[in-house]
Structure formats: C-alpha cells, structure tokens
Amino acid sequence: MAHQVPEDGTLLPLMEEFYTIQGEGYHTGKAAYFIRLGGCDVGCHWCDVKESWDAELHPLTAADTIIEHAKQHPSKAVVVTGGEPLLYNLDYLTRGLQAAGIQTFMETSGAYPLSGYWDWICLSPKKFKSPLPDVIAAAGELKVIVFNKSDFAWAEQHAALVPPSCKLYLQPEWSKAQEMTPLIVDYVMQNPQWEISLQTHKYLNIP
C-alpha cells in the first residue's frame, strides 16, 4: 500500500535521524540533529543516499515524535534534508521545532514549492529539475556540486538569481574530488565571491 502522507505534514516518511557535526557549507563544523526524509525524484546519478529516493521504504513517522527526539540533544539546531524534503508540507514540523527553541536549517534542490519556517535554507540546485523562484528568493546559501568543468558556468547562472546576501559555495563531488578540487581552488581565487565547501564529515568519518 502506497504511503499517504497527510497534507498537513503531521506524518512524514523518515529515513533516518542522527546527531552529528554538519559537514558542508555555511554551518560546517557545528553540531546539529539531522532529519533525513525519504522520497526524491530529482535523480542525481552521483547521489550518495540513493536509498532515500523511494519514500515507500521509509516509515511514516509522527512529526511530534521527530520533534521530541530532536529536543534530546545539546545542540538546538536541526538540519532537514533528504531525499527532497520539500516534497512534503514542513510547516507543522518546523513550527514545532522552533517552538521548542530549535533552529531550523534545510538542504534542498528547490524543485518543489517552499513550505516550513526556516532560520537557514541551503539551496543546492540540480540540473535535472530546476529550482523554483520562491526557494531561490529565500536561500541563505547556494551550494553547487562540481562534477565537471561545465558546472562553473551553471553555478554562475544560479548565482545571478539568488539574493545579493546569499553565500556562494562550490563543492567538489566526492568521487571527482581529486580532479575537480584544483579547478575549484583556481576558480575561487579568480572569483572570490565564491567560497569552497568540502564534505568534511567524510574526511572525519562521521555520518
């Protein structure tokens, strides 16, 4: 039987939740509770959590239960990720987290309409499904994964769309890091409005 995720977001397909150190982007190095939701149709071939794609594999879990779990940890910051979290209405979850004094961060491709109440949105657009204007306008950070040389021009296309205050990051795709990192270093030195993001959690061997 197919999941019936309620439109009010009181139940969500939870793939995993864990307490760790944020490994990428603006909040690198900070302790945070990660909430990974199942379901994604963006289909990045280099995705390192392909098991998140099929929402049916992950149990519908009460948002209230997720909030209670998040409250048990010293860091009062949550990262909602996926999969693609904006497949679902995140108003209920984020309202509850913020009411508990927990900051809400999201990682999204931006391919679905914006919902939820956020302290920070990391927009990581994918070529297979373009981000929507409402998500672009709300982005605090643009994080572009660099898989090949053409991704620099593609990154600039999106940098032209985000707000002027938006932080700009280029991140080497993990399997191509040896090849792409020197190119990113040179690019950022020539274009210092960009910064480098690394998947530091992989170097640290943590989730």
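These points go through the predicted model from its overall form down to single residues.

1. Overall form. The protein chain has 207 residues and a radius of gyration of 17 Å. A compact globule with that number of residues would have a value near 17 Å, so the chain agrees with the rule. Along the principal axes, its C-alpha atoms fill a box of roughly 45 × 35 × 30 Å.

2. Secondary structure and contacts. The protein chain holds 6 helices and 9 strands. Take the contacts between residues at least 6 apart in sequence: 63% of them join residues at least 24 apart.

3. Surface and interior. Of the 207 residues, 50% count as buried. The chain exposes about 9700 Å², and carbon and sulfur atoms supply 56% of that area.

4. The largest nonpolar core. This core has 45 residues. Which of them touch the most other members? They are Leu 90, Leu 93, Leu 142, Leu 170 and Trp 194. Apart from this core lies another, of 7 residues, among them Phe 34, Val 79, Phe 105 and Trp 120.

5. Leu 142 and its contacts. Neighbours within four places in sequence are left aside here. Leu 142 is then in contact with a set of residues including Leu 123, Pro 125, Ala 155, Val 162, Cys 166, Tyr 169 and Trp 194. The list also has His 158 and Lys 167 in it.

6. Helix H2. This helix covers residues 91-99, and Leu 93, Thr 94 and Leu 97 are buried in it. Why do these three lie on the same side of H2? They cover an arc of only 90 degrees around the axis, which puts them there.

7. What H2 packs against. After H2 comes Gly 101, whose phi is positive, near 80 degrees.

8. Cysteines. How many disulfides does the structure hold? The number is 0. For Cys 122, the closest cysteine sulfur is in Cys 166, 8.5 Å away, which is too far for a bond; the cut-off for a disulfide is 2.5 Å between the sulfur atoms. Cys 122 has 2% relative accessibility, so this residue counts as buried; the limit for buried is under 20%.

Methods. Residues are numbered from 1 along each chain as its sequence is written. This is a predicted model: local features need pLDDT of at least 70, side-chain atom pairs count only at pLDDT 80 or more; totals for chains, interfaces and linings use all residues. Side-chain values use heavy atoms; hydrogens and water are left out. Buried means under 20% relative accessible area, exposed over 50%, partly exposed in between (1.4 Å probe, protein chains only). Helices (H or I, at least four residues) and strands (E, at least two) are DSSP runs, numbered from the N terminus. The arc is that of the directions from the helix axis to the C-beta atoms. A nonpolar core is a set of buried Ala, Val, Leu, Ile, Met, Phe, Trp, Tyr and Cys residues joined through side-chain atoms within 4.5 Å. Contact means heavy atoms within 4.5 Å. The radius of gyration is taken over C-alpha atoms; the globule rule is 2.2 Å times the number of residues to the power 0.38. Accessible areas come from the Shrake-Rupley method with a 1.4 Å probe; for residues, only the protein chains shown count as cover.
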